[in-house]
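Reader: Please show me the model. I would like to ask what each term rests on.

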Amino acid sequence: MGNVVHGQETAELKLDGKVYQLPVIVGSEGEKAIDIRELRSSSGYITLDSGFMNTGSCCSSITFLDGEEGILSYRGYGIEDLAENCTFVEVAYLLDHGNLPTREELSKFSQMLGKYAMVHEDMIRFFDGYPPNSPPMAILSSMVNSLCSFYPEMLDNPLENIDKMAARLLSKVRTIAAFSYKKSMGQPLVYPRHDLSYCANFLNMMFDSPVKPYEINDTVVKALNKLLILHGDHEQNCSTATVRVAGSARVNLYASISAGINALWGPLHGGANQAVMEMLTQIHEEGGNYKQFIAKAKDPADPFRLVGFGHRVYKTHDPRARIIKKACDDVLTALNISDPLLDIAKELEEVALKDEYFIARNLYPNVDFYSGIIYRAIGIPTNMFTVMFALGRLPGWIAHWKEMWDDPDWRISRPRQVYVGPKRRPFVPLAERTGNE
Ligand code: CMC
């Protein structure tokens, strides 16, 4: 834990009549942690924390998040400022390099993104092997994993090559995402163009066709930049933790990111943006009666949850959801679109925020609640929503992998457990087993 500050305080723990002094660590925004790394060797005890509700797995200088106050910043910059003033490429640079780029750095980085945008022609044939309607997240994770077969030279001295590897991933994942959509539509692939910005290039690869050239619209490009920025990083969320855990075994960046993509796919994590849209569509098709969905969400006997609500860390408004909600209004107005799903989402939010069940549990709309409405407005199909999340989260995953790899306190991630199975018992040979052992 390289830059850790040990506070003046120590925590005292009494166990079996002995007192243990545990160091207290203080982060740069004043958050405190009890360092228990020596606890087991000194006391024989471990800590138990299912779901890591209260466990810090590392010290990180990438993202700060205060879930009680609804604060989020990347490398010290407020998410509101970044979303308002930057492009996604600038924010990707910030996350992966630690500082916002100068004009010159940005131009060099953008050139690298342009240079690496193609995927190997042999990889393009992989797409033909997937049956129609394959989940795009399955395609994405396996294609990203396959990159290490095509670019193995990056695997030696990964930190020396990290800038190239990061640019290659950021650029190629965008191409792979757009190609997987084109394949799913049975349309010819549209290759990346050097003259287009990151987001415009992606939109062009998605929507240009031989019969109808795609017209790049500034409102759509800006909206996409904003959405990707808002998804850029979110400290130790499930997929990022997965990238770190996989990478801690010293597996390469491509394989680690592929693992993260699979974790993101889950409906409780990145898959929620697709699930929200499906829920809102169902409410709409059933006549707009959202109250029964709220009743189902509150029923302890029903596993249904109001998707797009609640967060492990935020116990107040998710700052990203606030920005996206406003962007939703702006984008729909600019594109002259009226979407009944936006009205349903707003009503649902209003009712839920006044409901005792949601108030008592601090359940607010999260980043996934409104994002799908913008994606829909800019033409992204619902089954690509989680792929969009992956595209946005990619610089965050890369930054965490790099930080983990370079951490002087790095150890392979290997949690412990409390064993609750049978006590050791005598082995019974197959011929003598009765089934009652
Ligand atoms: N609808 C209804 N009840 C909920 C919801 C919800 N969306 N979320 C949490 N609760 C209830 C939950 O049933 C529990 O109630 P009780 O105390 O009576 O048992 C209480 O709130 C605490 O929930 P929890 O499951 O202990 O909280 P968690 O921190 O383990 O889970 C969560 C966080 C995001 C998985 C959960 O809120 C959820 O399932 N939300 C819906 C899925 C979703 O929108 N996911 C996207 C998360 S944000 C972006 C991302 O991570 O990708």
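Predicted model: local features only at pLDDT ≥ 70, side-chain atom pairs only at ≥ 80, totals over all residues.

Author: Residues are numbered from 1 along each chain as its sequence is written, and side-chain values use heavy atoms, with hydrogens and water left out.

Reader: What makes a residue of domain 2 count as being in contact with domain 3?

Author: Contact means heavy atoms within 4.5 Å. By that rule 21 residues of domain 2 touch 21 residues of domain 3.

Reader: What is meant by the area buried between domain 2 and domain 3?

Author: Buried area is the accessible area (1.4 Å probe) that two parts lose on being put together, summed over both. For domain 2 and domain 3 the value is about 1,800 Å², and carbon and sulfur atoms give 72% of it. On the domain 2 side, Leu227, His234 and Phe385 lose the most area to domain 3, together 33% of what that side buries.

Reader: Which polar links does the rule find across this interface?

Author: The count of salt bridges between domain 2 and domain 3 is zero; a salt bridge needs a side-chain nitrogen of Lys or Arg within 4 Å of a carboxyl oxygen of Asp or Glu. Three residue pairs are in polar contact across the interface, both residues being at pLDDT 80 or more. A polar contact is a pair of N or O atoms within 3.5 Å; within protein, one must be able to donate a hydrogen and the other to accept it, and residues adjacent in sequence count only if both atoms are side-chain atoms.

Reader: Which elements give two or more residues to the domain 2 side?

Author: They are helix H2 (79-85), helix H9 (218-230) and helix H18 (385-406). Helices (H or I, at least four residues) and strands (E, at least two) are DSSP runs, numbered from the N terminus. H9 gives the largest share, seven residues.

Reader: Why is the pair of aspartate 355 and lysine 298 called a salt bridge?

Author: The closest N and O atoms of aspartate 355 and lysine 298 are 2.8 Å apart, and the limit is 4 Å, so the pair qualifies. Aspartate 355 lies in the loop between helix H15 (340-354) and helix H16 (356-360), and lysine 298 in helix H13 (residues 291-298), 57 residues apart. The whole structure has 16 salt bridges.

Reader: How do you know that S4 and S5 pair?

Author: Two strands pair if DSSP finds at least two bridges between them. S4 and S5 have four bridges and run antiparallel, so they meet the rule. One of these bridges sets aspartate 66 against isoleucine 71 in S5. Four residues lie between the strands of this hairpin, where glycine 70 takes a positive phi near 70°.

Reader: Why are S4 and S6 called edge strands?

Author: Strand S4 (63-66) and strand S6 (77-78) each pair on one side only. The open sheet has the order S4-S5-S6, with antiparallel pairing.
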